[in-house]
Amino acid sequence: MGAKESRIGFLSYEEALRRVTDVELKRLKDAFKRTCGLSYYMGQHCFIREVLGDGVPPKVAEVIYCSFGGTSKGLHFNNLIVGLVLLTRGRDEEKAKYIFSLFASESGNYVVREEMERMLHVVDGKVPDTLRKCFSEGEKVNYEKFRNWLLLNKDAFTFSRWLLSGGVYVTLTDDSDTPTFYQTLAGVTHLEESDIIDLEKRYWLLKAQSRTGRFDLETFGPLVSPPIRPSLSEGLFNAFDENRDNHIDFKEISCGLSACCRGPLAERQKFCFKVFDVDRDGVLSKVELRDMVVALLEVWKDNRTDDIPELHMDLSDIVEGILNAHDTTKMGHLTLEDYQIWSVKNVLANEFLNLLFQVCHIVLGLRPATPEEEGQIIRTLEIDQRYSTS
């Protein structure tokens, strides 16, 4: 484990290219060139930071780098492509071969129990109890026996969990706090690659202000409040924190900004719904609706001088009016679909959406998509400046 030659000889560069589109390959080449300059080699530190991210344990990251063919000179672009294709689009059989190669002897024909246990202690800090089943017939196993055990015990250790249980794409990107090449090409957002590059810079600047080193609520709250009311800042944080691990990684902020500002109206409203769905049960209860209306009225008063009927109504009457008109289940709450129908023509909901649009651009660093959006944001900044100096 850790030898300085590629352990993925069973997957050729030509075969790897057949599993990526021309557009994806161009994006990868552009990203590689942007990161490494004219060199066709990527250094280990750069590979760990830019491709895997700091969510991957250093020992694991080092093993991946070496197994891809990384040397003191660096990792060649062709080897990087093969490795990324294996991680993200490889078949289980191919991934099993890769894992076997990490533990295999120099001849590559078998795995020695003592050597595998030593490597697992180094990388994982422990040896899984299920390993004894792999070596039940002796101290060495060939590939066939290793594969059969591995595919029945996909969660046995770190590599097997990442590669075989749930999908590497989810783990290596969602748990990572830096953008990867595959995040930029995945097409999971409405953002352009240039948007993602700009967001990366802003993300690291914002994260650098964190006391814990993570983009957590303690860091996020003061950034958005004001103009977001403190009562809404936690809900907004939760809307971004999709996997509920109490910090916002780079993919989450990219996807959240995309949904909030660049997606179709229904997607933008869905993002707002998440802000108000405090218990994340998929519906807005009467209590959550009441808190939502209070917050939306505060947003309106903070940002608008127009007079609307809701400003003169009793809070309970507003909530009951919403439920009477839009609670399709008649269970005293709003589903996401109910909320979307209500919010389409509601001035309070639309004003909140406008506020989020400003925060996402001015505070979180999303670049305006059109000259019209840029003008709108500039006008908002001018108004804010007048208020702050008056």
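Contact here means heavy atoms within 4.5 Å. Keep that in mind as we walk through this predicted model, where local features need pLDDT of at least 70, side-chain atom pairs count only at pLDDT 80 or more, and totals for chains, interfaces and linings use all residues. Residues are numbered from 1 along each chain as its sequence is written, and side-chain values use heavy atoms, with hydrogens and water left out.

Let's start with the overall build. The protein has 22 helices and six strands; these are DSSP runs numbered from the N terminus, with helices (H or I) of at least four residues and strands (E) of at least two. Of the 390 residues, 49% are buried, where buried means under 20% relative accessible area, exposed means over 50%, and partly exposed is in between (1.4 Å probe, protein chains only). The protein exposes about 19000 Å², and carbon and sulfur atoms supply 51% of that area. Accessible areas come from the Shrake-Rupley method with a 1.4 Å probe, and for residues only the protein chains shown count as cover. If you take the contacts between residues at least 6 apart in sequence, 64% of them join residues at least 24 apart.

Now for the inside. A nonpolar core is a set of buried Ala, Val, Leu, Ile, Met, Phe, Trp, Tyr and Cys residues joined through side-chain atoms within 4.5 Å. The largest such core has 58 residues, and Phe240 and Met292 touch the most other members. Helix H21 (residues 347–362) gives this core its largest share, nine residues. There is also a second, separate core of 54 residues, with Cys66, Phe103, Phe157 and Leu163 among them. Back at Phe240, and leaving out residues up to four places away in sequence, its contacts include Phe220, Ile248, Phe271, Cys360 and Leu364.

H21 also packs against helix H17 (residues 265–276), at an angle of about 90 degrees and with the axes 11 Å apart. The axes are lines fitted to C-alpha atoms, for helices over the stretch in contact, and angles run from 0 to 180 degrees between N-to-C directions. H17 and H21 are therefore roughly perpendicular to each other; under 35 degrees would count as roughly parallel, over 145 as roughly antiparallel, 65 to 115 as roughly perpendicular and the rest as oblique. On the H17 side the contact is made by Leu265, Arg268, Phe271, Cys272, Val275 and Phe276, and on the H21 side by Phe352, Leu353, Leu356 and Phe357. By class, that is nine nonpolar, no polar and one charged residues. Here Ala, Val, Leu, Ile, Met, Phe, Trp, Tyr, Cys and Pro count as nonpolar, Asp, Glu, Lys and Arg as charged, and the others, Gly among them, as polar.

Earlier in the chain there is another crossing. Helix H3 (residues 44–52) and helix H4 (residues 58–67) have axes that come within 10 Å and cross at roughly 110 degrees, so H3 and H4 are roughly perpendicular to each other as well. H3 brings Gln44, Phe47, Ile48 and Leu52 to the contact, while H4 brings Ala61, Glu62, Ile64 and Tyr65. This set divides into six nonpolar, one polar and one charged.

Helix H20 (residues 336–344) is worth a look too. Its buried residues are Leu336, Asp338, Tyr339, Gln340, Trp342 and Ser343. They pack against H17, strand E5 (283–284), helix H18 (286–303), helix H19 (315–326), strand E6 (334–335) and H21.

Next, two single residues. Ser233 sits in helix H15 (residues 230–240) and is buried, with a relative accessible area of 9%. Among the residues Ser233 touches, again skipping those up to four places away in sequence, are Leu217, Phe220 and Val224. Ser233 and Leu217 are 16 residues apart in sequence and 8.4 Å apart in space, C-alpha to C-alpha. Leu131 lies in helix H8 (residues 131–134) and counts as buried at 1% relative accessibility. Beyond four places away in sequence, Leu131 touches Met116, Glu117, Leu120 and Trp149.

Finally, a word on backbone angles. Most residues other than glycine have a negative phi. Arg280, in the loop between H17 and E5, has a positive phi near 55 degrees and counts as partly exposed at 24% relative accessibility. Lys330, in the loop between H19 and E6, has a positive phi of about 60 degrees and counts as exposed at 64%.
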